[in-house]
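Please open the structure in your viewer and keep the selection tool at hand.

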Amino acid sequence: RPDGKPDQAFLELLRSKNITWDNFLLLDEFGLAELIDMTGGMDLGQGPMDGMQTLAQIPGSTAEPKAAFFAHATLAQGLCLSSNDLIQKMEVADVTRRLASHMLTDLTEKNIAEEWRRLRPTNTGISCEFPNLAELFQMP
């Protein structure tokens, strides 16, 4: 969207599924590929790949919705699990600098830095849940 905010229909769809959030951070394809590279690559079941290779393996959601959903969930889960390594080895300023032109967020730089500093000593990374994966295996 020209105003740089998520589409209201998208937000309403999330709310209708009881998906809630405090803040948001969206990455475009290049930003997502860069984040994958920063975490050391990803394996979606075909061996380790860099960011662009990983994204190229994700099927289109129109042609293969179930496979696309599973690939996106697997990617999100992998990024979540590798978040602690990223938080421990990189400074937040380096990450935000590399992603700045490819991300959209309602968080300030100060908020991002504070959250990074809060997570670093926990040595656990970001906490993620994937309830939709169970639903996926029940889909026809």
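A salt bridge, as the term is used here, is a side-chain nitrogen of Lys or Arg within 4 Å of a carboxyl oxygen of Asp or Glu. The model is predicted, so local features need pLDDT of at least 70 and side-chain atom pairs count only at pLDDT 80 or more, whereas totals for chains, interfaces and linings use all residues. Residues are numbered from 1 along each chain as its sequence is written, and side-chain values use heavy atoms, with hydrogens and water left out.

**Whole chain.** Display the chain as a cartoon. It contains eight helices and four strands, in the order α-β-α-β-β-α-α-α-α-β-α-α from the N terminus. These elements are DSSP runs numbered from the N terminus: helices are H or I with at least four residues, strands E with at least two. Of the 140 residues, 30% count as buried; buried means under 20% relative accessible area, exposed over 50%, and partly exposed in between (1.4 Å probe, protein chains only).

**Nonpolar core.** Next, select Met-38, Leu-75, Leu-86 and Val-95, the residues with the most contacts inside the largest nonpolar core, which has 20 residues. Such a core is a set of buried Ala, Val, Leu, Ile, Met, Phe, Trp, Tyr and Cys residues joined through side-chain atoms within 4.5 Å. At least two residues of this core come from each of helix 2 (29–38), helix 4 (65–81), helix 5 (83–89), helix 6 (92–99) and helix 7 (109–119).

Centre the view on Met-38. Leaving aside residues up to four places away in sequence, Met-38 touches Leu-86, Lys-89, Met-90, Val-95, Arg-98 and Leu-99, a contact being heavy atoms within 4.5 Å.

**Salt bridges.** The count of salt bridges comes to five. Select Glu-34 and Arg-98, whose closest N and O atoms are 2.5 Å apart. This pair links distant parts of the chain, with Glu-34 in helix 2 and Arg-98 in helix 6, 64 residues apart. Glu-34 is partly exposed at 22% relative accessibility, and Arg-98 is also partly exposed, at 32%.

Remain in helix 6 and select Asp-94 and Arg-97, which lie three residues apart, about one turn of the helix. Their side chains form a salt bridge at 3.9 Å, N to O. Asp-94 is partly exposed at 33%, whereas Arg-97 is exposed at 57%.

Glu-115 is partly exposed at 36%, as is Arg-118 at 46%.
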